[in-house]
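Colleague: I would like a close look at a single part of this model. Please take it step by step, for someone new to reading structures.

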Amino acid sequence: MKAVIVCVSVSHSNTRRIAAAMGQALAAPVVEPEELDPADLAGYDLVGFGSGVFTGRPHPRLRDYVRALPAAQQPRQAFVFATSGLPEPGFRPFTRPLTRLLEPKGFEVVGSFTARGHDTWLPFKLVGGINKHRPDARDLAAAHTFATGLHPRPGRAS
C-alpha cells in the first residue's frame, strides 16, 4: 500500500509529531500541502489529511488544498486527524469539516483521530499555554496504533 500524509502544523509542531507517528506506522512521507500537487494524490492508495484546530475547523491551508483536489476517477481511501488544545466536543467532531470536504471528491474516509496539543492561543498565552507536554508518548503511541489499523482490509476501496 502506498500512503502519504498531508499535514499543516503551524504553532508548536503538535500535528507534525502526530503525523510523524502515523507516517512511521504506514511507511508514509509527511508533506505540507504546498509540497504535493493535488493531482499527484491519484498515485496513493491511502491519504491522511490533518492539521491543528483553528476556531473549530482545520487550518485554512489544508481546507483550501482539499477544495483544490480533482474529483477521483476511482474511490480512494483517506483518514483525517487533528490536534487541539481544547477537548473535542462530542456533538461537533474536529475532523467533520474535513470529512465533508473529502467525500464529494471521491474519498472514503476510513478513520479519524484527534489528540490534545500544546496551545498558546490567547487567552491561554497569558498563563503560558495549556497542555504543555502534549502530545505525549501515549498520544504518539495511540496515533501509531490508529495508523497501523488503517492497512487495507477486504471490502474497502483501494
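How many cavities of 30 Å³ or more does the structure hold? Please describe what surrounds the space, and then follow the strands that take part.

Modeller: The model is a predicted one, and the structure holds one cavity of 30 Å³ or more. The volume of the largest cavity is about 30 Å³.

The lining of the largest cavity consists of Ser51, Gly52, Val53, Arg57, Pro58, Phe81, Ala82, Phe94, Thr95 and Leu98. By type, six of the lining residues are nonpolar, three are polar and one is charged. At least two lining residues come from each of S3, strand S4 (57-58) and S5. The most is given by S3, which supplies three residues.

Next, consider how these strands are arranged. Strand S3 (residues 46-54) pairs with S5 in the parallel sense, over seven bridges. Within this pairing, Ser51 stands opposite Ala82 in S5. Both of these residues, Ser51 and Ala82, are also part of the cavity lining.

Now look at S5 by itself. Strand S5 covers residues 76-84 and is mostly covered, with nine of its nine residues buried. In a regular strand, side chains alternate between the two faces of the sheet. The two sides of S5 can be listed in turn. On one side are Arg76, Ala78, Val80, Ala82 and Ser84, and on the other are Gln77, Phe79, Phe81 and Thr83; all are buried. Both faces of S5 are therefore covered, since buried means under 20% relative accessible area.

Asp139 lies in helix H4 (residues 137-148). Leaving out residues up to four places away in sequence, Asp139 touches Ile18, Phe113, Arg116 and Arg134. Asp139 has a relative accessible area of 10%, so Asp139 counts as buried.

Notes. Residues are numbered from 1 along each chain as its sequence is written. This is a predicted model: local features need pLDDT of at least 70, side-chain atom pairs count only at pLDDT 80 or more; totals for chains, interfaces and linings use all residues. Side-chain values use heavy atoms; hydrogens and water are left out. Buried means under 20% relative accessible area, exposed over 50%, partly exposed in between (1.4 Å probe, protein chains only). Helices (H or I, at least four residues) and strands (E, at least two) are DSSP runs, numbered from the N terminus. Two strands pair if DSSP finds at least two bridges between them. Contact means heavy atoms within 4.5 Å. On a 1 Å grid over the protein atoms alone, a cavity is a set of points where a 1.4 Å probe fits but cannot get out, and a pocket is an open set with protein on both sides within 12 Å along at least five of seven lines; lining residues have an atom within 4 Å of a point. Grid points are joined across faces, edges and corners, and a volume is the space filled by probe spheres set on the points. Ala, Val, Leu, Ile, Met, Phe, Trp, Tyr, Cys and Pro count as nonpolar, Asp, Glu, Lys and Arg as charged, and the others, Gly among them, as polar.
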